[in-house]
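Subject: Structure for your review

Dear colleague,

Please find below the sequence and the structure that I am handing over to you. My findings follow directly after them.

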Amino acid sequence: MLRGHVVTTTADHRGRERKAVLQKRIRLIVAVTIGYNLIEAVIAIAAGTAASSGALIGFGLDSTIEVLSAAAVAWQFSRRDPERWEKGTLRVIALAFFALALYVGAGAVLTLTRAADVEHSTVGIALTALSVVIMPFLSLAERRAGRELSSATAIADSKQTLICSYLSAAVLLGLLLNTLFGWWWADPIAALVIVVFAVREGIEAWKGDACATSVGMLLDDDDDHHHDDGHHRHDHARHDDHDHDGREIADR
């Protein structure tokens with residue numbers, strides 16, 4: 001029985017070490033997210049004001065909402081028992097989704113009704129293009145760590161970041177179409193589509209279900225499935241080894 005106890009103790013120790021590593025990784029990811037979005041918000045609002053672009057100003061406001069969501073997760077994982085604060089943090093993330101939908105939706109409707117004349121913004125195009133590259137990477141990293149840690153709040157915040165990357169792509173497309181063809185209405189139409197997804201994810205986070213799959217996550221579901229299967233086979237093999245060790249001890 002001593003050998004089995006040692007194996008169990010070692011496994012528990014490794015599990016605690018892995019949990020600590022994942023929690024530290026999530027804190028690092030949200031810290032980077034907060035820093036990047038603060039800079040993004042300042043630049044986007046300034047560029048949007050200069051170009052009379054409601055889309056860019058809304059994009060900057062969205063960045064402040066993303067900071068709120070990431071800060072809530074950072075606060076949760078700074079607690080001694082993060083799981084205890086999960087429900088409350090999910091509610092904060094849900095409210096951030098709803099605020100995002102409200103800001104983006106209102107801005108899109110105003111742009112459509114006013115037929116606003118948006119000027120070309122080189123800074124806005126460069127900023128949104130950079131966000132299209134960076135934000136999905138941050139979202140994927142946080143979601144993988146959150147899934148392994150079974151943290152609904154980390155997964156929900158990763159969706160918030162992914163929604164922001166959708167918005168970055170929509171604003172970028174609108175700015176490009178406006179610059180190249182004068183299609184001022186392209187950006188608000190794309191933004192309204194983002195509103196639908198933001199509301200959906202907000203409802204799921206409020207209900208405490210952060211495992212609902214959004215459109216962007218369909219791309220790597222198969223990879224996650226194979227990854228989970230590999231873990232299952234590995235765990236099954238370890239279980240068989242433990243049973244074999246147990247039988248050897250019993251035979252002795």
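In this predicted model, helix H3 (residues 86–114) packs with helix H5 (residues 152–181), the two axes lying 9 Å apart at an angle of about 15 degrees. Angles under 35 degrees count as roughly parallel, and H3 and H5 are therefore roughly parallel to each other. The crossing in which H3 passes H5 is left-handed.

Which residues of the two helices meet? On the H3 side, they are Glu86, Thr89, Leu90, Ile93, Ala96, Phe97, Leu100 and Val104. Their partners in H5 are Ala152, Thr153, Ala156, Asp157, Lys159, Gln160, Ile163 and Leu167. By residue type, the contact of H3 with H5 comprises 10 nonpolar, 3 polar and 3 charged residues.

I also draw your attention to a pairing of charged side chains. Side chains of opposite charge can pair when their charged atoms come close. How many salt bridges does a search of the whole structure find? The search finds 1 salt bridge. The side chains of Arg18 and Glu148 form a salt bridge, with 2.7 Å from N to O. This pair links distant parts of the chain, since Arg18 belongs to helix H1 (residues 2–51) and Glu148 to helix H4 (residues 122–149), with the two residues 130 apart.

Are these two residues buried, exposed or partly exposed? Buried means under 20% relative accessible area, and exposed means over 50%. Arg18, at 35% relative accessibility, therefore counts as partly exposed. Glu148 has 41% relative accessibility and so counts as partly exposed.

Yours sincerely,
A colleague

Notes: Residues are numbered from 1 along each chain as its sequence is written. This is a predicted model: local features need pLDDT of at least 70, side-chain atom pairs count only at pLDDT 80 or more; totals for chains, interfaces and linings use all residues. Side-chain values use heavy atoms; hydrogens and water are left out. Axes are lines fitted to C-alpha atoms, for helices over the stretch in contact, and angles run from 0 to 180 degrees between N-to-C directions. Helices (H or I, at least four residues) and strands (E, at least two) are DSSP runs, numbered from the N terminus. Angles under 35 degrees count as roughly parallel, over 145 as roughly antiparallel, 65 to 115 as roughly perpendicular and the rest as oblique. A crossing is left-handed if the near helix is turned anticlockwise from the far one by less than a right angle, and right-handed if clockwise. Contact means heavy atoms within 4.5 Å. Ala, Val, Leu, Ile, Met, Phe, Trp, Tyr, Cys and Pro count as nonpolar, Asp, Glu, Lys and Arg as charged, and the others, Gly among them, as polar. A salt bridge is a side-chain nitrogen of Lys or Arg within 4 Å of a carboxyl oxygen of Asp or Glu. Buried means under 20% relative accessible area, exposed over 50%, partly exposed in between (1.4 Å probe, protein chains only).
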